[in-house]
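Hello,

Here is the structure I promised to pass on to you.

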Amino acid sequence: MKARVLLVASEAVPLAKTGGLADVITSLARALRERGVDATVMIPGYPSAIEQACGLKEIGALPALPGGAGRLLHGTMSDCGVPVVLLQTAAFDRRAANPYVDHEGNEYPDNALCFGALAHAAVAICAGETALPAPHVVHANDWHAGLIPTLLKLRGIEGVGTLLTIHNLAFQGNFPMETAAALQIPPELLTPEGLEFWGKLSFLKAGLLHADRISTVSRTYANEILTPRFGHGMEGLLNAARERLLAIRNGVDLTAWDAESDTLIARPFSFADMRGKSSCKRDLQTLFQLPIDPFAPILAIGSRITHQKMADVAVASLPQVLRAHPRAQVVVLGRGDKAYEAGFRLLASQFPDRVAVHIGYDERRAHALHAGADMLLHGSRFEPFGLTPLYSMRYGTVPIASRVGGMADTIADAGLHGTPDAGANGILFDGDACEDMTRAVSRAFELYAQPVVWHALQRQAMAADFSWAEPAQQYIDAYRDIAADAAKPCFVEPVAEPVAEVAASEAATACDEPLQYMTA
Ligand code: ADP
């Protein structure tokens, strides 16, 4: 019998996307299915998702979800045929392009109820209350699905194991305690040993406490989140859960991001024949209304425009970069905090022929940017994995990135002096001061001025293999172990694990010890 896995998340391409999570969910599901796992994706039934999914049929009516009634629709993803379950509710019906925040960037006040409903609906599937067979494992992703392990335990549902993957620990789903009743969480769970986190009810903490295994998306991030600097207050809990913590890196969808077959770029190319990249540069300059100049080095930023992504540092550093490199052009694509967006807009008005900014979310422009730029600037204060630099590398666009999280694992730095190492494929920098970023960009420009060295960096970048083959197998191994454990009788009473108070020094020591990693 095929292993059945239900991947529950808040977004999945092409149905809904605000960031890397959406890419990962669908491409992981596809990779799992290619390897014989019966993987189904479950996300909210936002209008965009309902519009784009194929062959939707109702598989269950759920009259008593938090926030009201809902119904489950089953169909497939329009482009890749991955089966999908959508939870349609009146609240999700009203969610627009960004499902978490309104036009002003404020979180929707009913997020707790909406995503609590998603968890309850997933548990209804596990309980056999819908036309879909119960999965062997529920793979819950981020806080949006964080309540699932707790609800399974509360309902005493046996035989379904759980994996919680942390894609970004900064987002925790912490809500007022008063929401607990509507979420059908009993008061005895609302303690510091339970779901309470600094006076709030935390969806992510619930998942961390009760999931059979926890994983995160890169080896370095798995170690970082055990420390106060990166743990966002959950480092104690995570240290206590180390035995259950795995690191499984993300993979890249090699078909969607492929210089040789990408239909969203001006002309395909490969390392053996880079002529198409010049056409892509021209296309990028045209799209962003910059002067057409084949010799202008293009530095691109394509990401959420937020404090995490060091948008503030980029806004402060770029004037220096532009003055130091008078031929350089800068292209920015992104959306996020209004103040940083304004900072980039101001820069474009100060350097009108050299800086172009598109505030918005645009897949075509994202592909054009990765293909047409020479360098991608991707500063991050923390980065669980960092898909964007890997996408740029697929097009010979060399990343300049912070040495944190997944980027520390996937990007090999060119080094500070002389000829870069043979394996180098980018530039890494430490720190979040303006000079840290400016120095790293200058280093990139020095390398760019040496065509042989630059081509070697491009070759390594384009040759890097971050396919799903290895991580998909690691997930399969994890599911197998989880399912085997879940076959044993499960706890009816929730089991709260003690929260270890980890002092900074202890956490640093703990972090130095390697975690137990999955092997293929
Ligand atoms: P994160 O998930 O933290 O946002 P990642 O780099 O892992 O960071 O993934 C970001 C994903 O979102 C990539 O697929 C990237 O191309 C996409 N993306 C971010 N901003 C935009 C935008 N404005 N337009 C199009 N795609 C975007």
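The largest cavity holds about 80 Å³ of space. A cavity here is a set of points on a 1 Å grid over the protein atoms alone where a 1.4 Å probe fits but cannot get out, and lining residues have an atom within 4 Å of a point; a volume is the space filled by probe spheres set on the points, which are joined across faces, edges and corners. Of its 13 lining residues, I301, S303, K309, L377 and G379 are the closest to the centre. Strand β13 gives the largest share of this lining, 4 residues.

Please keep in mind that this is a predicted model, where local features need pLDDT of at least 70, side-chain atom pairs count only at pLDDT 80 or more, and totals for chains, interfaces and linings use all residues. Residues are numbered from 1 along each chain as its sequence is written, and side-chain values use heavy atoms, without hydrogens and water.

The second largest cavity has a volume of about 50 Å³. Its lining is made up of V252, L254, L390, M393, R394, A461, A464 and F466.

There is also the second largest pocket, at about 690 Å³; a pocket is an open set of points with protein on both sides within 12 Å along at least five of seven lines. Among the 37 residues lining this pocket, V13, P14, K17, D23 and E363 lie closest to its centre. Helix α1 provides the largest share of the pocket lining, 5 residues.

Enjoy exploring!

Definitions and conventions: Helices (H or I, at least four residues) and strands (E, at least two) are DSSP runs, numbered from the N terminus.
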